[in-house]
Amino acid sequence: MMCSSKNLLLAALMSVLLLHLCSKSEAASSFDCCLRYTDHVLHPRFIVGFTQQLSNEACDINAIIFYTRKRLAVCADPKKNWVKQAVRILSQRVKRM
């Protein structure tokens with residue numbers, strides 16, 4: 001009787017741990033992906049860096065993720081002219097360093 005209650009407690013703890021880990025990984029993956037684009041045009045002087053998100057990897061849409069001085073991540077449409085221009089300017093900044 002004592003052994004079965006220990007096993008039951010262990011199984012319950014393992015279930016709680018598994019649920020916690022699953023919910024954390026789900027939240028992290030949705031946070032790391034852009035789901036839609038910004039409607040605002042960002043001036044390159046306020047952008048400190050960028051990364052590219054590809055739809056054929058883990059996320060649903062192609063996007064450029066701009067990182068601002070205020071440490072915000074902004075998702076932008078890579079087909080927009082202002083996005084292409086900002087990427088070009090930021091890439092030239094990196095080459096000069």
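The disulfide (a pair of cysteine sulfur atoms within 2.5 Å) that links Cys34 and Cys75 is left-handed, with -80 degrees about the S-S bond. Cys34 lies in the loop between helix 1 and strand 1 and Cys75 in strand 3, so the pair ties together parts that are 41 residues apart in sequence; helices (H or I, at least four residues) and strands (E, at least two) are DSSP runs numbered from the N terminus. This is a predicted model, in which local features need pLDDT of at least 70 and side-chain atom pairs pLDDT 80 or more, while totals for chains, interfaces and linings use all residues. Residues are numbered from 1 along each chain as its sequence is written, and side-chain values use heavy atoms, without hydrogens and water.

**Disulfides**
- The structure holds 2 disulfides, and the other one joins Cys33 to Cys59, with sulfur atoms 2.0 Å apart.
- Both Cys33 and Cys59 are buried, that is, under 20% relative accessible area, with exposed being over 50% and partly exposed in between (1.4 Å probe, protein chains only).

**Asp77**
- Asp77 is buried yet has no salt bridge, and the nearest side chain of opposite charge, Lys80, is 5.1 Å away; a salt bridge needs a side-chain nitrogen of Lys or Arg within 4 Å of a carboxyl oxygen of Asp or Glu.
- A polar atom of the Asp77 side chain lies 3.0 Å from the backbone nitrogen of Lys79.

Definitions and conventions. Lys, Arg positive; Asp, Glu negative; His and termini not counted. Polar contact = N/O pair within 3.5 Å; in protein donor to acceptor, adjacent residues only side chain to side chain.
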